[in-house]
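Please look over the sequence and the structure shown below. The questions that follow go through them step by step, and each one is answered in turn.

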Amino acid sequence: MSTEHHTSEITGWISQARWFAGKGRDWELTSLRRVGELPRPTGEGQTAQPPPELHVVIDLAEVTYATDGEDETDLYQLPLAFYAEPQERISHALIGEWDDEDFGHAFVYDALHDRESMALWLAAFAAPPSPVRGQLEFHRLPGHDLDVEAHSTLFSGEQSNSSVAFGEDSLMKVFRKVTPGVNPDVAIHRVLTEAGSTHVASLYGWLDLVDEDTGTTFQLAMLQQFLRTASDGWDLALASVRNLFAEADLHAEEVGGDFAAEAARLGVALAEVHADLAAHFPVEQRDAADLGHLAGAMEGRLDAALDVVPALAEHRTRLRATYDQLRGLDQVEVQQVHGDLHLGQTLRTVRGWKIVDFEGEPAKPLADRLQPDSVWRDVAGMIRSFDYAPRVVAMTASGDGPEADQRNYRASEWAARNRAAFLEAYTTQRGEELGSSARTLLDAYLADKVVYEAVYEARNRPGWLSIPLAALGETT
Ligand SMILES: Nc1ncnc2c1ncn2[C@@H]1O[C@H](COP(=O)(O)OP(=O)(O)O)[C@@H](O)[C@H]1O
Ligand SMILES: [Mg+2]
């Protein structure tokens, strides 16, 4: 497929996209491959027919980075809409105008912004065409009748993927950076949906592409229950902290916006999700050698972090001692976990807490993200989030001097209270105390996370570096 004449348009579109992870790096579009065209709905009369001149396709764009003589590539998914005439209503989503090999002269748009295009996706999920090798394969889970009349709305916001809501019925998440193999978000949502978990949005369907040449599968998108009544856990936590700060003379447990009961319910939700995951994915044992390896990896990350954040040096001995404790453990159980858990991955609905985004740690290859890991990694992620929320509010509030000291004190109080409530509920739901080996693992994952945060903040938000550093100052 010839690409020359529109390379610059596509390159320009990718470089400004929110989901593009390579901003600021030196990169080039090295190939663009058409992997499928969305079918037109059959069964005339039942579904509104799309405009006759519209073609919706998925192209995979290969992005190559020049890194120290070694090429590194990523594949990005681009759903594109081709129209013979310009479309005023989506002019903000125009990528360019060019002669396409398949469709001739066309005005090309990001299809996710286009209701007409999205209607084709929804229709394909509603009535999956019989799969043809090498083409797009739409899959459905039984149990829910899709509202095929629903109009699409693209979610705005800082996301690594793109999500499109269909009315109040369903939500399609289009994975932007794709790699061959099973996507844990699809695999885990499927298992938890089939297990009847009440703590996830039910999976309705997913889209696969089986590459004819290599036989590998790419998972391109998933369709799930739209949680209409949901509030973001992070936003709720911030609101609770603001409430506390506004009540100058009260303690965390005395104010109206106290979060501890929510933190406890989150602990129960996480324990239940972990139990379901343990029941349906492999559970394995890690021995002393594995734990030595884990300690070594954490030490390695600390050493690398010291170059970026010299202020970590004064905590080095204690952090190393924390990691070293791992070497004293001889058997640890591991299982499928979330892998990237924080308050921003939780939603509170009228039916309780839901956990979203099981894609795992974005930096890891897909295959590694379905490897069993320790549940304490997830617990540590949430606990760090309980520390971030009040400190972010404290930092952005006005007034310094004694007022700032007071805010910092109350931030610590909020964090400690919610951490305790969360942990207590989590361990109670699991039916076990926080034993010494669990404590050792939790402390190590917490320390490792704080070191990661310090590097991240130093590089991206130097003004926030004080958040992880304060956490290191507090631990004994
Ligand atoms: N089923 C859902 N219903 C409503 N909102 C959702 C649902 N799933 C996710 N969201 C919202 O969309 C945001 C992004 O979703 P997420 O799965 O975390 O995508 P990303 O991989 O881009 O981070 C979430 O933070 C949440 O606020
Ligand atoms: Mg997310």
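Q: From which domains does the shell around ligand 1 draw at least three residues each?
A: This is a predicted model, in which local features need pLDDT of at least 70 and side-chain atom pairs count only at pLDDT 80 or more, while totals for chains, interfaces and linings use all residues. Residues are numbered from 1 along each chain as its sequence is written, chains are lettered from A and ligands numbered from 1 in the order in which they are written, and side-chain values use heavy atoms, with hydrogens and water left out. The domain bounds come from an automatic or database domain assignment, and the shell draws at least three residues from each of domain 1 (4–225) and domain 2 (231–474).

Q: How many residues surround ligand 1, and which are the closest?
A: A residue is near a molecule if one of its heavy atoms lies within 4 Å of it. Ligand 1 is surrounded by 18 residues, and the closest are Asn 161, Lys 173, Gln 225, Leu 227 and Asp 357.

Q: How do the residues of the shell around ligand 1 divide into nonpolar, polar and charged?
A: Ala, Val, Leu, Ile, Met, Phe, Trp, Tyr, Cys and Pro count as nonpolar, Asp, Glu, Lys and Arg as charged, and the others, Gly among them, as polar. On that basis the shell around ligand 1 holds seven nonpolar, seven polar and four charged residues.

Q: What distance separates an oxygen atom of ligand 1 from an N or O atom in the side chain of Asp 357?
A: A polar contact here is a pair of N or O atoms within 3.5 Å. Lys 173 places a polar side-chain atom 2.7 Å from an oxygen atom of ligand 1, and Leu 227 places a backbone N or O atom 2.8 Å from a nitrogen atom of ligand 1. For the side chain of Asp 357 and an oxygen atom of the ligand, the distance is 2.9 Å.

Q: How much of the accessible area of ligand 1 does the protein cover?
A: Accessible areas come from the Shrake-Rupley method with a 1.4 Å probe. On its own, ligand 1 has 550 Å² of accessible area, and the part that the protein covers is 87%.

Q: Which residues are the protein donors of the magnesium ion?
A: Donors are N, O and S atoms within 2.8 Å of the metal (3.2 Å for Na, K and Ca), and water is not among the atoms, so sites may look incomplete. The donor atoms lie 2.1 to 2.5 Å from the magnesium ion, which is ligand 2, and they belong to Gln 345 (OE1) and Asp 357 (OD).

Q: Where in the chain do Gln 345 and Asp 357 lie?
A: Helices (H or I, at least four residues) and strands (E, at least two) are DSSP runs, numbered from the N terminus. The two residues are twelve residues apart, with Gln 345 in the loop between β15 (331–334) and β16 (346–349), and Asp 357 in the loop between β17 (352–355) and α8 (366–369).

Q: Why does Gln 345 count as buried?
A: Buried means under 20% relative accessible area, exposed over 50%, and partly exposed in between (1.4 Å probe, protein chains only). Gln 345 counts as buried because its relative accessible area is 6%.

Technical notes:
Polar contact = N/O pair within 3.5 Å; in protein donor to acceptor, adjacent residues only side chain to side chain.
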